[in-house]
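This report describes aromatic ring pairs and the surroundings of a ligand. Please consult the sequence and structure shown below while reading.

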Amino acid sequence: NVVYNLTFSNLNEQQRLIWFSNEHDAKMCVMKGKDEENCQNYIRIMAKSAQGRLLLCGTNAFKPICREYNVLNKNYTVEKEKHGQAVCPYDPHHNSTAIYVATPFNT
Ligand SMILES: *[C@@H]1O[C@H](CO)[C@@H](O)[C@H](O)[C@H]1NC(C)=O
Ligand SMILES: *[C@@H]1O[C@H](CO)[C@@H](O)[C@H](O)[C@H]1NC(C)=O
C-alpha cells in the first residue's frame, strides 16, 4: 500500500506514496475467501516513464491496476489508471520480473 522514496546513503525518507486497494475490490477479495492481508495492494511494478512521471502497478486485491503518477513538489498525483491484468501479478506470492520499454512521447 506504500512506496517509500528514501535517500540511498542514509535511508532517510523523502516522500511516500500511499495507494490502498480499491474498497470494492478488497471487499470482493475477502468475500471470495482470501485473507485480508493478501487483499492489500502490493506494488509490484515501478518505472520512471518520463521526467517526473512514475508508472506503478499493484495487485489491488487480486485485481491488478496500473497507474501513472505525476511527481511534483513532493506530491504524487494520479494522471491515468488502467487494468493491470497480464501486466502485473494478481497474487502477492507470485514472483515476477517486469521489463519496461520506453516509447517516445507526443506520438
Ligand atoms: C524522491 O524524492 C526526491 C526528493 O524529494 C525527489 O527529488 C524525487 O523526484 C523523488 N523521486 C520519486 C521517484 O518520487
Ligand atoms: C517465490 O520465490 C521464493 C524464493 O525463491 C520461493 O520460496 C517461493 O516459493 C516462490 N513463490 C512462488 C509462488 O513460486
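**Surroundings of ligand 1**

The side chain of Y76 has an N or O atom 2.6 Å from an oxygen atom of ligand 1, where a polar contact is a pair of N or O atoms within 3.5 Å. Polar side-chain atoms of N5 and Q15 also approach oxygen atoms of ligand 1, with N5 at 2.4 Å and Q15 at 3.0 Å.

The residues surrounding ligand 1 are N5, Q14, Q15, L54, V71, K74 and Y76, each with a heavy atom within 4 Å of the ligand.

**Basis of the model**

This is a predicted model, in which local features need pLDDT of at least 70 and side-chain atom pairs count only at pLDDT 80 or more, while totals for chains, interfaces and linings use all residues. Residues are numbered from 1 along each chain as written, chains are lettered from A and ligands numbered from 1 in the order written, and side-chain values use heavy atoms, leaving out hydrogens and water.

**Aromatic pairs**

The structure holds 3 aromatic pairs; rings of Phe, Tyr and Trp (its six-membered ring) pair if their centres lie within 6.5 Å, and planes under 30 degrees apart count as stacked, over 60 as edge-to-face and the rest as tilted. W19 and Y69 form an edge-to-face pair, with 6.3 Å between centres and 65° between planes. Both W19 and Y69 are buried, that is, under 20% relative accessible area (1.4 Å probe, protein chains only). Ring pairs join W19, Y69 and Y76 into a cluster.

The planes of F62 and Y90 lie at 50° with ring centres 6.1 Å apart, so this pair is tilted.

Conventions: Buried < 20%, exposed > 50% of the residue type's maximum accessible area, 1.4 Å probe, protein only. Polar contact = N/O pair within 3.5 Å; in protein donor to acceptor, adjacent residues only side chain to side chain.
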